[in-house]
Amino acid sequence: MSQKFIKVQNKNLRSNAFGKWYAQAVYDKKFVETKQLAEFIQTQASVKRSDIIAVLDELGAAMKHFFEMGQKVRLDGIGIFRVGFSSIGVSKPEDVGAQNITTRRVIFIPETTRIVTGQSQRSNGTIAQKYANAKMLVKDVTFEETHENAVAVENTNAQEGGE
């Protein structure tokens with residue numbers, strides 16, 4: 001299987017990329033739910049589906065606990081989760097408090113690995129490596145164009161000028 005995409009044209013007249021074409025991700029209309037995820041993990045490990053479901057059910061509560069303690073949570077092979085928020089600006093420092101916080105969110109930073117993509121020799125004789133940071137979860141994902149009716153991402157960067 002592969003991540004599906006469709007071709008979309010930037011129709012934003014104010015964009016420097018107006019008229020250019022981009023790939024836009026499309027997704028199946030269904031979500032992968034906890035039980036399906038647990039069944040898949042069960043086929044890859046020697047743990048029962050019911051045990052996996054129990055662990056996944058507790059994961060959210062455990063993450064919330066550590067977020068409340070001001071901690072970031074790192075899941076090996078996945079990435080780092082941390083709390084982020086926005087707040088209202090005030091004139092005096094003494095007026096800043098929890099009451100100023102307006103939105104809360106979880107920020108996810110995927111785990112990355114450095115992949116050497118080439119090398120060149122510097123004038124002083126040393127070697128300079130060229131590299132890219134690959135996000136572990138998606139580094140081996142393949143892509144394929146589709147014409148099926150699928151759910152396209154709303155409000156995409158492609159329509160606003162691409163990434």
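Here is a friendly set of questions and answers about the predicted model shown above.

This is a predicted model, in which local features need pLDDT of at least 70, side-chain atom pairs count only at pLDDT 80 or more, and totals for chains, interfaces and linings use all residues. Residues are numbered from 1 along each chain as its sequence is written, and side-chain values use heavy atoms, with hydrogens and water left out.

Me: How many helices and strands does the chain have?
Reply: Helices (H or I, at least four residues) and strands (E, at least two) are DSSP runs, numbered from the N terminus. Read from that end, the elements run β-β-α-α-β-β-β-β-β-β-β-α. The total is three helices and nine strands.

Me: What share of the residues in the chain is buried?
Reply: Buried means under 20% relative accessible area, exposed means over 50%, and partly exposed is in between (1.4 Å probe, protein chains only). The chain has 163 residues, and the buried part of them is 14%.

Me: What share of the contacts with a separation of 6 or more joins residues 24 or more positions apart?
Reply: A contact here means heavy atoms within 4.5 Å. Among contacts with a separation of 6 or more, the share from residues 24 or more positions apart is 40%.

Me: Which residue forms a salt bridge with Glu-145?
Reply: Side chains of opposite charge can pair when their charged atoms come close. A salt bridge is counted when a side-chain nitrogen of Lys or Arg is within 4 Å of a carboxyl oxygen of Asp or Glu. For Glu-145 the N to O distance is 3.6 Å, and the partner is Lys-7.

Me: How many residues apart in sequence are the parts that Glu-145 and Lys-7 tie together?
Reply: The salt bridge joins the side chains of Glu-145 and Lys-7. Glu-145 sits in strand β8 and Lys-7 in strand β1 (residues 3-9), so the parts they tie together are 138 residues apart.

Me: Which helices does the salt bridge of Glu-39 and Arg-49 tie together?
Reply: The closest N and O atoms of Glu-39 and Arg-49 are 3.9 Å apart. The two residues are ten apart in sequence, so look at where each one lies: Glu-39 is in residues 34-44 and Arg-49 in residues 49-68, which are helices α1 and α2.

Me: Lys-64 and Glu-68 lie in helix α2, so what separates them?
Reply: These two form a salt bridge, with their closest N and O atoms 3.9 Å apart. Lys-64 is exposed at 52%, and Glu-68 is exposed at 59%. Because they are four residues apart in helix α2, the separation is about one helical turn.

Me: Are the rings of Phe-81 and Phe-108 stacked, edge-to-face or tilted?
Reply: Rings of Phe, Tyr and Trp (its six-membered ring) pair if their centres lie within 6.5 Å; planes under 30 degrees apart are stacked, over 60 edge-to-face, and the rest tilted. The count by this rule is one aromatic pair. The ring centres of Phe-81 and Phe-108 are 4.9 Å apart and their planes are at 35 degrees, so the pair is tilted.

Me: Is Phe-81 buried or exposed?
Reply: Phe-81 lies in strand β4 (residues 79-87), while its partner Phe-108 lies in strand β5 (residues 101-110). Phe-108 counts as partly exposed at 35% relative accessibility. With a relative accessible area of 17%, Phe-81 is buried.
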